[in-house]
Each structure stands twice: as C-alpha cells, then as structure tokens.
Amino acid sequence: MIRHIVFFTVQEENLEEVRAGLSILTGIPHARLLEIGTNVKTDQLGTEIDLVVYGEFDNEAALAAYKAHPDYQRSIERVRPLREKRIAADYDSRTAVTRPL
C-alpha cells in the first residue's frame, strides 16, 4: 500500500476555503482511504502545519489515477492561490520500518 501525506500552511483567513478546496479530493474514487485533517497543534515543536491530506492507495497505479482525476486538478486550482507551503511524501508501507532495527 502507498501512503500519501501532504502538509499545508495557510493564512488563518484562508483556512476554511483551503479546507473546502481540499475536500474535493475525497470524492475521487481511487483511494482506499482519504482524509483531510486540521492540525490540532498539540506538538510543542511542530505547530506550523495547518492542514494535512492523508491517503492510502493500493499501489502506485491507484495513486497515479487519483492524481489524473479531474477533481484533483479542480482542487489544485482552488487551493494553490491560497496556500503558502505544500510538502508531500509518498511511501510504500510494505517497506516501512515498524520495529527497532
């Protein structure tokens, strides 16, 4: 399974509009799970991130299909002008470290 995680920073006044724009992604059928979360900012060292997109995909082809869907582009067009920073990472959970090495 591929895990897709994207972090966003936004100005306070744009938070709900960006959240709504990201919510478009939840209608794309290729994800096993897709969540849009607002950072509750309880970590004393990591409070700069405002929104998180978390997705689980069966494989890289499913992630590619998700990114090729027209709603993905709709979301980008709505969110990009309002966000500040975007940081993304994808990893294969089958090769993730799950116990001490």
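The following legends describe close-up views of a predicted model. Residues are numbered from 1 along each chain as its sequence is written, and side-chain values use heavy atoms, with hydrogens and water left out. Because the model is predicted, local features need pLDDT of at least 70 and side-chain atom pairs count only at pLDDT 80 or more, whereas totals for chains, interfaces and linings use all residues.

**View 1. The largest nonpolar core.** A nonpolar core is a set of buried Ala, Val, Leu, Ile, Met, Phe, Trp, Tyr and Cys residues joined through side-chain atoms within 4.5 Å; buried means under 20% relative accessible area, exposed over 50%, and partly exposed in between (1.4 Å probe, protein chains only). The largest such core has 19 residues, of which Phe 8, Leu 22, Leu 25, Leu 34, Val 53, Phe 57 and Tyr 66 touch the most other members. At least two residues of this core come from each of β1 (2-10), α1 (15-23), β3 (51-57), α2 (60-68) and α3. Strand β1 gives the largest share, 4 residues. Helices (H or I, at least four residues) and strands (E, at least two) are DSSP runs, numbered from the N terminus.

**View 2. The surroundings of Leu 22.** Contact means heavy atoms within 4.5 Å. When its neighbours within four places in sequence are left aside, Leu 22 is in contact with Phe 8, Ile 36, Leu 51, Val 53, Ser 75 and Val 79.

View 3. The buried residues of α3 are Asp 71, Tyr 72, Ser 75 and Val 79. These residues lie on the same side of α3 because they cover an arc of only 110° around the axis; the arc is that of the directions from the helix axis to the C-beta atoms. Their cover includes β1, α1, α2 and β4 (83-92). The face turned away from the buried side carries the exposed residues Pro 70 and Glu 77.

**View 4. Glu 77 in helix α3.** Glu 77 belongs to helix α3 (residues 70-79) and is exposed, with a relative accessible area of 52%. Glu 77 and Ile 5 are 72 residues apart in sequence, and their C-alpha atoms are 19 Å apart in space.

**View 5. The loop between β2 and β3.** Gln 44 is placed in the loop between β2 (33-38) and β3 and counts as exposed at 75% relative accessibility. The C-alpha atoms of Gln 44 and Tyr 72 are separated by 33 Å. Lys 41 is also found in the loop between β2 and β3 and is partly exposed, with a relative accessible area of 36%. Most residues other than glycine have a negative phi. Lys 41 is not a glycine, yet has a positive phi of about 55°.
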